Amino acid sequence: VDKVEAVVYSSYGAPSQVLKWHSYGLPALTRDTVHVKFLASPINPADVNQIQGAYPIKPPFVALGNEDNFSTDGGDNDKVVKAAVGGNEGVAEVIAVGDAVSGLKKGDRVIMAKTGHGTWRTYAAGPPEDFQVVPNATSVSLIQQATISVNPCTAYRMLKDFIPPQQGDYVIQNGANSAVGQAVIQIAKAWGLKTINVVRNRPDIEELRQELTALGATHVITDDQLGSFETKSLVKSWVGKNRLLLGLNCVGGKSATEMARYLSANGKLVTYGAMARAPLTLPASMLIFKNISFYGFWVSKWAETHSKEERSEMLADLVQLMAAKQLKEPRWTAVEWNEKAVKEAVENGIQGYGKGKQIVLF
Ligand code: NDP
């Protein structure tokens with residue numbers, strides 16, 4: 001391999017304007033580095049925010065490869081000088097290993113150790129610390145390998161770290177049909193937890209209800225019913241003497257406030273998304289009389305602040321659930337590896353993910 005193809009940006013803005021197709025020489029293998037070949041990389045909402053400059057992690061713009069080697073992308077004035085490679089999630093295969101490298105070997109399937117590595121490229125070179133092996137990766141599909149590190153890990157940590165799970169516990173979540181929400185439903189079921197799943201009402205709600213039930217959702221309710229007396233007594237009858245201490249908030253705004261009212265005393269509401277783009281209002285009674293507490297979760301920060309061993313343990317658990325068909329592939333569509341298709345897909349990423357997760361196949 002001598003050439004890398006990548007989708008890069010060297011300023012922030014609308015993806016269609018700032019993204020560039022760029023090829024450069026793959027840095028030569030040294031004693032302390034490895035070469036990896038990317039196999040599949042998704043386009044996530046955060047990737048788009050990052051290109052727009054609206055994400056807290058901003059990969060530095062660096063000279064990629066040998067400066068003499070830069071592609072001109074439509075004229076000399078258009079040269080990419082220093083840039084960041086787009087994308088944060090993906091799976092790659094180790095294809096060459098320096099003599100002094102331990103812990104990685106040829107053929108290993110790896111994900112990125114940290115957010116911001118740049119996964120929309122054909123090859124990468126770097127120290128082994130940049131990468132992390134997915135244990136038993138090939139026992140699950142390529143799509144599962146490529147999408148394991150963001151959504152399933154988010155669901156796993158939120159179900160485990162805030163309220164130590166006990167069999168029969170209930171969890172309530174909004175945005176339940178999101179990719180994270182679907183992982184929550186399945187992991188919860190595998191761990192013996194029950195889920196109350198809030199989704200936005202829609203004309204084909206029965207179809208969605210069936211889809212989520214097939215994944216293992218215990219109950220599905222719509223956000224417009226959340227405040228009603230009937231729903232309150234229904235949920236009460238479902239939960240009975242079990243605990244409902246954990247709420248997972250993908251949406252924010254009214255949906256989150258209404259959902260938090262269902263938590264038992266001393267419950268915790270964990271916010272991980274803000275799809276409604278409306279702030280969360282907290283009634284004083286929830287704080288004073290019920291002692292509900294409010295947290296945020298960010299999987300990038302988790303990976304940064306925990307050891308590779310801890311992450312590996314989680315990855316192994318998730319792979320096991322996937323291999324046992326307890327955690328399925330997200331809905332996805334393939335994105336071809338060419339400039340037009342990738343740019344279009346990233347633009348689509350701003351408009352919504354109707355057809356499922358878009359995944360670049362190299
Ligand atoms: P998906 O694209 O799979 O799902 C998006 C969800 O948001 C759907 O359930 C959709 O429901 C809902 N939604 C969209 N617009 C609105 C709205 N205006 N009001 C209410 N609900 C809405 O996304 P992901 O699962 O990949 O991500 C979900 C969120 O979680 C994103 O904000 C993402 O950035 C965040 N996230 C955060 C992580 C963290 O570490 N904090 C990690 C992973 C994801 P509908 O069908 O009704 O449109």
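Modeller: Let's begin with charge: the protein chain has 38 positive and 35 negative charges, and their mean positions are 7 Å apart. Here Lys and Arg count as positive and Asp and Glu as negative, while His and the chain ends are not counted. Each charge is placed at NZ of Lys, CZ of Arg, CG of Asp or CD of Glu.

A word on the ground rules. This is a predicted model, where local features need pLDDT of at least 70 and side-chain atom pairs count only at pLDDT 80 or more, though totals for chains, interfaces and linings use all residues. Residues are numbered from 1 along each chain as its sequence is written, and side-chain values use heavy atoms, leaving out hydrogens and water.

Now the setting. The protein chain contains 12 helices and 16 strands; these are DSSP runs numbered from the N terminus, with helices (H or I) of at least four residues and strands (E) of at least two. An automatic or database assignment divides the chain into domain 1 (3–147 + 329–361) and domain 2 (153–300). The C-alpha centres of domain 1 and domain 2 lie 33 Å apart, and the C-alpha trace spans about 70 × 40 × 40 Å along its principal axes. Of the 362 residues, 50% count as buried, meaning under 20% relative accessible area; exposed is over 50%, and partly exposed lies in between (1.4 Å probe, protein chains only).

Val91 has a relative accessible area of 0%, so it is buried. What does Val91 touch, not counting residues up to four places away in sequence? With contact meaning heavy atoms within 4.5 Å, its partners are Phe38, Leu39, Ala40, Arg109, Val110, Leu142, Gln145 and Ala146. Lys37 is 54 residues from Val91 along the chain, yet their C-alpha atoms are separated by 8.7 Å. Links across the sequence show up in the whole chain as well: among contacts between residues at least 6 apart in sequence, 71% join residues at least 24 apart.

To put Val91 in context, let's compare a few other places. Trp332, in strand 15 (residues 332–335), has 29% relative accessibility and therefore counts as partly exposed. Trp332 and Ile143 are 189 residues apart in sequence, but 8.3 Å apart in space, C-alpha to C-alpha. Ile143 is also among the contacts of Trp332, along with Lys355, Gly356, Lys357, Ile359 and Leu361, leaving aside neighbours within four places in sequence.

In helix 4 (residues 151–161), 9 of the 11 residues are buried, so the helix is largely enclosed by the rest of the structure. Cys153, Tyr156 and Leu159 are among those buried residues. Thr257 lies in helix 8 (residues 253–260) and, at 9% relative accessibility, counts as buried.

For contrast, Asn136 sits in the loop between strand 8 (131–133) and helix 3 (142–146). Its relative accessible area is 61%, so Asn136 is exposed. Most residues other than glycine have a negative phi. Asn136, although not a glycine, has a positive phi of about 55°.
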